Structure formats: C-alpha cells, structure tokens
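Hi,

Here is the structure I promised to pass along.

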Amino acid sequence: MYLTGHEILILQQYFTHQLLCMYVWFFCVCGVFQGFTMLMDANRINDLSRMYNLFQRVNAVELLKLALSSYIRATGQGIIMDEEKDKELVPFLLEFKASLDKILEESFAKNEAFSNTIKDSFEHLINLRQV
C-alpha cells in the first residue's frame, strides 16, 4: 500500500497537530510555565522562537502571553518589593526591559500582542511599588 503525496501531507499535519496539542496541554496543566521560565532566564532566544512558532500552529499563542506576563511579574516583583534593593531597582528594570525587548524582536516576531503584554506587566510592577 502506498500513500500519495497529498495523503502524506494530511497525515503529517494531523500528527503534528496532535503532538503539539499534547505538548501545549502539558505546558499549561502540568508544567506551570517552568519550562518557559527556564528558557527566559537563560535567554534562549532560538528555543523561545521555536516554542512561539509551534504554539502558533495550534492557536495557543495566548498561553505564551500568559506565561510571559506571569514571568515578568514574578521576576520583577521580588526586587520591586524589596526596599533594601532600591539602588539596584532602576538598573535592574532597564536591563530586564532590554532583555525582554530583544526576546520580543527575535523570538516573538515583534508580535504586538506580546509587546502589549510586556507593557501591561511592567505597569503592574510599577503600580505594586506605589501601593
């Protein structure tokens, strides 16, 4: 039994979708964004780009936005709320923002929704200090 080129393409698309959906489910339910956090902390731009492209295939980019927001808030909150680290606050935020901008450009294809997520998360951090 032989498959035509069209049948092979359909099977590839089906199995790719099934495998990616399982990964996305695992990422969302079991991973609690740990893998994403490790990639962000290590500045793994190529891996983040691959993740973005794979999540796009199964319309799961919203999960990445949620993970990005969670990462920014968790990373920034530790230093923003520690008043003893006031001297380090501005340099940390500038370096952190520069890192996020690079990831936005090189990993998330300058996606405007991700840009807004970064902006909103930083606003949240700044408002934490004012409360």
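Before the rest, some housekeeping. This is a predicted model, so local features need pLDDT of at least 70 and side-chain atom pairs count only at pLDDT 80 or more, while totals for chains, interfaces and linings use all residues. Residues are numbered from 1 along each chain as its sequence is written, and side-chain values use heavy atoms, with hydrogens and water left out.

The overall picture

The protein has six helices and zero strands, where helices are DSSP runs of H or I with at least four residues, strands are runs of E with at least two, and numbering goes from the N terminus. Read from that end, the order is α-α-α-α-α-α. The protein is more spread out than a compact globule, because its radius of gyration is 18 Å, well over the 14 Å that the globule rule gives for 131 residues. That radius is taken over C-alpha atoms, and the rule is 2.2 Å times the number of residues to the power 0.38. Along the principal axes, the C-alpha trace spans about 70 × 25 × 20 Å.

Of the 131 residues, 34% are buried.

Helices α2 and α3

Two packed helices are described by the angle between their axes and the distance between the axes. Here α2 (residues 34-41) and α3 (residues 45-57) pack at about 140°, with the axes 8 Å apart. The axes are lines fitted to C-alpha atoms, for helices over the stretch in contact, and angles run from 0 to 180 degrees between N-to-C directions. On the α2 side the contact is made by Phe36, Leu39 and Met40, and on the α3 side by Asp47, Leu48 and Met51. By class that gives five nonpolar residues, no polar and one charged, with Ala, Val, Leu, Ile, Met, Phe, Trp, Tyr, Cys and Pro as nonpolar, Asp, Glu, Lys and Arg as charged, and the others, Gly among them, as polar.

The loop between α3 and α4

Asparagine 59 sits in this loop and has a positive phi of about 55° although it is not a glycine. Most residues other than glycine have a negative phi. Asparagine 59 counts as exposed, at 74% relative accessibility. Alanine 60 lies in that loop too, between α3 and α4 (61-80), but counts as buried, at 8% relative accessibility. Leaving aside neighbours within four places in sequence, alanine 60 is in contact with Val24 and Phe55. The C-alpha atoms of alanine 60 and valine 24 are 7.3 Å apart, although 36 residues separate them along the chain.

Two other spots

Lysine 110, in the loop between α5 (86-106) and α6 (112-130), also has a positive phi of about 55° without being a glycine. Lysine 110 is exposed, with a relative accessible area of 58%. In helix α1 (residues 5-29) there is glutamine 12, which is partly exposed at 48%. Its C-alpha atom is 28 Å from that of glutamate 106, 94 residues away along the chain.

Cheers

Notes: Contact means heavy atoms within 4.5 Å. Buried means under 20% relative accessible area, exposed over 50%, partly exposed in between (1.4 Å probe, protein chains only).
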